[in-house]
Amino acid sequence: MADFGGGDLDAFRTHARSWLEANFPASLKGKSGMMMQETGAALSGDADLWRQRMGETGWGTPAWPKDYGGGGLSGAETKVLQQEMSRIGAWNPIGGMGTMMFGPTLLEYGSEEQKQRHIPSIVNGTIRWCQGFSEPGAGSDLASLQTKCEDKGDHYLVNGQKVWTSGAQWADWCFCLVRTDPKNKHEGISFLLIDMRTTGIEVRPIQLISGNSPFCETFFTDVKVPKENLVGQLNHGWTIAKRLLNFERQSLSGGGGGGGRGMLGTAVEDLAKKYVGTDETGRIADADLRSRIVQHQMESRAFMLTLMRAGAEAKAGNGPSAAISIMKNAGSKVSQDRAELTLEIMGQQGLGWEGEGFQADELAAVRGWLGGKAFTIYGGSYEIQNNIISKRVLGLLDHQ
């Protein structure tokens, strides 16, 4: 669908506003959809109703093709939809790895049968996906992975171990990198789709310092996988994996946004006025804190504008490029800085782990701050991103 301007775009805005006001449950306003989904529990009540409604319209994946259930919206229409959702405090209930990285990758590399089978369930949020990439001996050097995949004629047989498998204990399916040729490092990797209910799969959650267990160890013992679950060509999975990681970094780079808002959707300056107080002019009473909040707001706003520009360039070109590594690192810093400011503002109320002396949002802020320490690690560590920037964006390594 082409971009619309003028009256057509105004008409879409009117339509989107009317639909959102009629369909977004008022009980969900101001709540964080991400925090509601972090525990792994299936959405229920109004949250599940909202998921169903967004899934039916395809607006949870607004720019995906209508042929597979997506919204089929233009870039301009997608932006309008996001603006109207933000205006009423609505959040997108269709999320997870299916939308942020696997779906876009499958749309590019999957067969028509694979797209028809898997994309609609991602669009309506009924199937969860996990990522089987990292291994105990293959993290930063992912291409060293050793999970073995053998051709058994009418199926593949998979044996090995994955680690840091996000959401594996809740996932229905896994997109997995496997070793199909032990003699070739990068050219011996294939991209396989594995049903997590298959016999031989064992998942062990890993508890983190934040108290949550979003990551797991995943073991594959003589797991049979149908031949039709191979994405792309045999031994060409590394190319697909690199593309998927670009989509992942593009999604993670958005974590630094929020217009200077805290983890709970409250503007940092409003938190400061609540906890620190104001002077006679209505400004935050602590001048040093006030200055640092202004600096954070400037960095956050600059990041968001750059992210929007990068997104527009990606849509005009061929999707996310290696430059998204810059945005991933910048977004991680902005997000972590915001978390540090939030706890500082809360003072002793920002030190709680549990107990009656703390409000739920204060405890959530502490756990969010701890969980946010992983921002510079997952999706490729800060150092790995710098290597990518040096090599693929600046070309520095080419001159050695």
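**Exercise 1. Work out how D337 and K333 sit relative to each other in helix α10.**

Step 1: find the helix. Helix α10 covers residues 324-346; helices here are DSSP runs of H or I with at least four residues, strands are E runs of at least two, and both are numbered from the N terminus.

Step 2: look at the spacing. D337 and K333 are about one helical turn apart, because four residues separate them in α10.

Step 3: check the contact. The two form a salt bridge, with 2.7 Å between the closest N and O atoms. That term means a side-chain nitrogen of Lys or Arg within 4 Å of a carboxyl oxygen of Asp or Glu.

Step 4: check accessibility. D337 has 28% relative accessibility and K333 has 46%, so D337 counts as partly exposed, and K333 is partly exposed too. (Buried means under 20% relative accessible area, exposed over 50%, partly exposed in between, using a 1.4 Å probe and protein chains only.)

A quick note before going on: this is a predicted model, where local features need pLDDT of at least 70, side-chain atom pairs count only at pLDDT 80 or more, and totals for chains, interfaces and linings use all residues. Residues are numbered from 1 along each chain as its sequence is written, and side-chain values use heavy atoms, leaving out hydrogens and water.

**Exercise 2. Trace the salt bridges of E84 to R13 and R87.**

Step 1: start with R13. Its side chain meets that of E84 in a salt bridge, 2.9 Å from N to O. R13 belongs to helix α1 (residues 6-23) and E84 to helix α4 (residues 75-87), so this pair ties together parts 71 residues apart in sequence.

Step 2: move to R87. E84 also bridges to R87, at 3.0 Å between the closest N and O atoms. Both lie in α4, three residues apart, or about one turn.

Step 3: E84 is buried at 2%, while R13 is partly exposed at 25% and R87 is partly exposed at 40%.

Step 4: widen the view. A salt-bridge network links R13, R17, E21, E84 and R87. The whole structure holds 16 salt bridges.

**Exercise 3. Locate W164 and N235, and describe their phi angles.**

Step 1: recall the background. Most residues other than glycine have a negative phi.

Step 2: take W164. Its phi is positive, near 60°. W164 sits in the loop between β3 (155-163) and β4 (173-179), and counts as partly exposed at 48% relative accessibility.

Step 3: take N235. This residue isn't a glycine either, yet its phi is positive at about 70°. You'll find N235 in the loop between β8 (230-231) and α7 (237-252).
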